[in-house]
Amino acid sequence: QLVQSGGGSVQPGGSLRLSCEGSGVPLDYYAVGWFRRAPGKEREAVACIGASTNYADSVKGRFTAVKDNSRNTVYLHLGSLKPEDTAEYYCAAESSFTCPTKEDEYDFWGQGTQVTVSS
């Protein structure tokens with residue numbers, strides 16, 4: 001399973017770090033994606049770290065995904081946060097070095113963590 005931590009409330013322009021730890025899931029052999037669901041909206045892909053790292057245009061240059069194999073954890077650093085980044089954030093893992101093209105290809109999902117950006 002994937003265990004998420006981090007998140008919280010921050011003012012616009014602030015930063016947060018989300019963690020996604022593999023419990024029994026060796027993340028060095030998995031592609032790990034990050035998703036978010038804002039209130040009233042569908043879940044959207046934010047980033048994926050595999051053989052390469054991809055970002056949604058809406059977060060490119062502000063968010064950074066990093067994999068720490070020694071801790072079996074993937075981090076998502078959120079910077080220059082905007083109110084529209086407010087959402088429940090999820091990590092997911094798929095047993096491949098290539099990021100999946102569809103959400104249903106992921107094998108494991110984290111429990112989600114809330115990020116709220118507000119002044």
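**Notes on the model**

1. At 55% relative accessibility, Arg71 counts as exposed, where exposed stands for over 50% relative accessible area, buried for under 20%, and partly exposed for what lies in between, with a 1.4 Å probe and protein chains only. Arg71 is joined to Asp68 by a salt bridge whose closest N and O atoms are 3.5 Å apart, and Asp68, at 22% relative accessibility, is partly exposed. A salt bridge here is a side-chain nitrogen of Lys or Arg within 4 Å of a carboxyl oxygen of Asp or Glu.

2. On the basis of the coordinates, please keep in mind that this is a predicted model, in which local features need pLDDT of at least 70 and side-chain atom pairs count only at pLDDT 80 or more, whereas totals for chains, interfaces and linings use all residues. Residues are numbered from 1 along each chain as its sequence is written, and side-chain values use heavy atoms, with hydrogens and water left out.

3. The salt-bridge count comes to 6. One of them joins the side chains of Arg36 and Glu44 at 2.6 Å, N to O; Arg36 is buried, with a relative accessible area of 5%, while Glu44 is partly exposed at 33%. Arg36 and Glu44 also belong to a salt-bridge network with Arg62 and Asp85. Another salt bridge links Lys60 and Asp57, with 3.2 Å between the closest N and O atoms, and both Lys60 and Asp57 are exposed.

4. Strands β7 (residues 63–68) and β8 (residues 73–78) pair in the antiparallel sense over 6 bridges, and Thr64 stands opposite His77 in β8. Strands are DSSP runs of E with at least two residues, numbered from the N terminus, and two strands pair if DSSP finds at least two bridges between them. The hairpin has 4 residues between the strands, and Asn72 there takes a positive phi near 50°.

5. Which other residue deserves a check of its positive phi, near 45°? That residue is Ser80, which is not a glycine and is found in the loop between β8 and β9 (87–94); Ser80 is partly exposed, with a relative accessible area of 43%. As background, most residues other than glycine have a negative phi.

6. The model holds 2 disulfides, a disulfide being a pair of cysteine sulfur atoms within 2.5 Å, and their pattern along the chain is 1-3, 2-4, with bonded cysteines counted in order. Cys20 is joined to Cys91 with an S to S distance of 2.1 Å. Cys20 lies in strand β3 (residues 16–22) and Cys91 in strand β9, so this pair ties together parts 71 residues apart in sequence. The link of Cys20 and Cys91 is right-handed, with 75° about the S-S bond, and both cysteines are buried.

7. In the other disulfide, the sulfur atoms of Cys48 and Cys99 are 2.0 Å apart. Cys48 sits in strand β5 (residues 44–49) and Cys99 in the loop between β9 and β10 (108–109), 51 residues apart. The link of Cys48 and Cys99 is left-handed, at -100° about the S-S bond, and Cys48 and Cys99 are both buried.
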